[in-house]
Amino acid sequence: MPTIAIVSQKGGSGKTTLTVNLAAAAEAVGQIALIIDTDPQATASQWGSWRNDRAPEVIDSAPPRIQHKVDQAKAQGATFIIIDTPPHADSAASRAVEIADLVLIPCRPSAFDLAAIQTTVSLIRLFDKPAFVVFTAGPPNAPKIYQDAIDLVRGFGIEACPHLLPDRAVYRHASAAGASVLEFEPTGKAAAEIDALHMWITAHVDMSNVAHEEV
Amino acid sequence: MSRFSNLADRPKGGTGGIPVEGTGNVRQPLAAPSEAATPTPPSRIGRKAIAAYFSPEMSLAMHVCARKHDLSLQALMAEAFDDILRKYGESPIGG
């Protein structure tokens, strides 16, 4: 029952897009997903209301109540919980990181955006959580850019997720229709990329749970 | 009936509906709870706010420090202010 925190101190990095689509991918394989929206702008909640609250369900939360809601949601059957956080919100971000089994940091593969994740990295170190940078909104075919970005991220002492989510117009079209990319274009590239990322997350959380049990 | 609606802070419904075609990309923020309608919490009655601007690193470090010691940011700042008053030879106020 993984709890995933989506954290980035930088705005416009694709946190909510990543959140809603990963939750939809979880639902698509039979998990019971819950999105906890801690952003006062309530973008994920807006998406939920556009789709008339069809699953994956979105609830809001003030930072001090996240832990309680995660516990309660697990008791009510949630099997994939994903916490969306606002940029520049240390209280929400630190609570989300504290609770999460895995932290994902969406980031555009650009020097400005990458420099801005260092604050997020220091937060993750304080709580000693497994975390990965997920490159979002970059060009689809630019191996050199991604290699440079991966090297830069490693320089900060954090690993990049092997699955990329390049910019694709379908994210905008799907969001505007209150849909996930899996629903909007099930056979498209974005849907395949989100699916692959979701499978990787599930495998990764399972593996780290096993590793912890062995210790 | 949705499974987790009991966990929401704000009741759902009436928050925007399906976007009108052509304006769907415009993210309309939800109506913020009215400030005026919120009564002053008891913890703030008779007290004054002191605000200042710091680097994101300082903000993060203070929030994390407060969490680590199970204190509110308010309590941590009060402690810091008393410490600095002592440092400069003043009497601590104690919150």
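The accessible surface of chain B comes to about 7,800 Å² in this predicted model, and 58% of that surface belongs to carbon and sulfur atoms. Chain B has 95 residues, of which 12% count as buried. Its secondary structure consists of 2 helices and 0 strands.

Let us stay with the surface of chain B for a moment. Which residues form a nonpolar patch there? They are Ile50(B), Phe81(B), Ile84(B) and Tyr88(B), and together they present about 450 Å² of accessible area. Is Tyr88(B) buried or exposed? Its relative accessibility is 58%, so Tyr88(B) counts as exposed, the cut-off being over 50%.

I now turn to chain A. Here 7 strands form an open sheet with parallel pairing, and their order is β3-β2-β4-β1-β5-β6-β7. Strands β3 (57–60) and β7 (159–160) of chain A stand at the edges; each has a single partner strand, and therefore one side of each is left without a neighbour in the sheet. As a general point, strands of a sheet pair through backbone hydrogen bonds, either parallel or antiparallel.

Strand β1 (residues 3–6) of chain A pairs with strand β5 (residues 102–107) of chain A in the parallel sense, over 3 bridges. Within this pairing, Ile6(A) has Leu104(A) of β5(A) as its bridge partner.

Finally, helix α3 (residues 66–75) of chain A packs on the sheet. This helix touches β1, β2 (33–37), β3 and β4 (80–84) of chain A, and its direction makes about 160 degrees with that of β4(A).

How values were computed:
Residues are numbered from 1 along each chain as its sequence is written. Chains are lettered from A and ligands numbered from 1 in the order in which they are written. This is a predicted model: local features need pLDDT of at least 70, side-chain atom pairs count only at pLDDT 80 or more; totals for chains, interfaces and linings use all residues. Side-chain values use heavy atoms; hydrogens and water are left out. Two strands pair if DSSP finds at least two bridges between them. Helices (H or I, at least four residues) and strands (E, at least two) are DSSP runs, numbered from the N terminus. Contact means heavy atoms within 4.5 Å. Axes are lines fitted to C-alpha atoms, for helices over the stretch in contact, and angles run from 0 to 180 degrees between N-to-C directions. Patches are made of residues with over 30% relative accessible area and no salt bridge: like charges are joined within 9 Å, nonpolar side chains (Val, Leu, Ile, Met, Phe, Trp, Tyr) within 5 Å. Accessible areas come from the Shrake-Rupley method with a 1.4 Å probe; for residues, only the protein chains shown count as cover. A salt bridge is a side-chain nitrogen of Lys or Arg within 4 Å of a carboxyl oxygen of Asp or Glu. Buried means under 20% relative accessible area, exposed over 50%, partly exposed in between (1.4 Å probe, protein chains only).
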